[in-house]
Amino acid sequence: MVVEETKQMVAMGWLDGSAVQMLSIADGTTVSTVTRRIGANKKAVAAPVMVQRYNHAMQAVDRHDQLRVKFSLCSRHHFKKWYVKFMLALIDIAMTNASIHYFFANQEKKCYEHHRAIFLNDLADAMLSDVNWDAVKIWTQLQIFEDDSRPDSSTA
């Protein structure tokens, strides 16, 4: 652990399955305890407060990843363009956040075994039901008509 006292900054490394480096201006050098699993037994280990906060936050991140992967658009498809996969990942994150907030507010709807699948299906239906498909069809036909009416560049 390295401490920069004038800027009140702490830098440290921690072995948590793999090496984790941390830099903090919010946590000091205060020591607390974290539980480590050694085989089938749990053991309390002295660790800086920032490690305790890191472990608490990582549990939420891991749970979010578990929820996101089950109905992921991003991880099931491959694209040549990186930004397409990136946009699908953002959509995955948004849909996961929406389901978390929805079921937080509506606990009674979480009683079904496949409540997230039902939520995502309802979300897709709601998004598609507001689209005026006749207007989309007319717009597409106009685009095709405009493309056909342009002079051919090879004859010019």
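Modeller: Helices (H or I, at least four residues) and strands (E, at least two) are DSSP runs, numbered from the N terminus. The model is predicted, so local features need pLDDT of at least 70 and side-chain atom pairs need 80 or more, while totals for chains, interfaces and linings use all residues. Residues are numbered from 1 along each chain as its sequence is written, and side-chain values use heavy atoms, without hydrogens or water.

Start with the largest pocket. A pocket is an open set of points on a 1 Å grid over the protein atoms alone, with protein on both sides within 12 Å along at least five of seven lines; a lining residue has an atom within 4 Å of a point. Three helices each supply at least two residues of this lining: α1 (49-70), α2 (82-105) and α3 (115-129). The space in the largest pocket is about 370 Å³. That volume is what probe spheres fill when set on the points, which are joined across faces, edges and corners. The lining has 16 residues. Nearest the centre lie R63, L67, K110, H115 and R116. By class, six lining residues are nonpolar, five polar and five charged. (Nonpolar means Ala, Val, Leu, Ile, Met, Phe, Trp, Tyr, Cys or Pro; charged means Asp, Glu, Lys or Arg; the others, Gly among them, are polar.)

Now look at the second largest pocket. About 260 Å³ of space lies there. It has 13 lining residues, and V34, T35, N55, H56 and Q59 sit closest to its centre. Helix α1 gives the most, with seven residues. This lining holds four nonpolar, six polar and three charged residues.

Helix α1 also packs against α2. The angle is about 110 degrees, and the axes lie 9 Å apart. That makes α1 roughly perpendicular to α2, a label for angles of 65 to 115 degrees. (Axes are lines fitted to C-alpha atoms, for helices over the stretch in contact; angles run from 0 to 180 degrees between N-to-C directions.) From α1, the contact uses H64, L67 and R68. From α2, it uses D92, I93, T96, N97 and I100. Contact here means heavy atoms within 4.5 Å. The residues in this contact are three nonpolar, three polar and two charged.

In a cavity, a 1.4 Å probe fits but cannot get out. The count is one cavity of 30 Å³ or more. The largest share, three residues, comes from α2. The classes are four nonpolar, one polar and three charged.

Follow two residues through the picture.

Terms used. Parallel < 35°, antiparallel > 145°, perpendicular 65-115°, else oblique.
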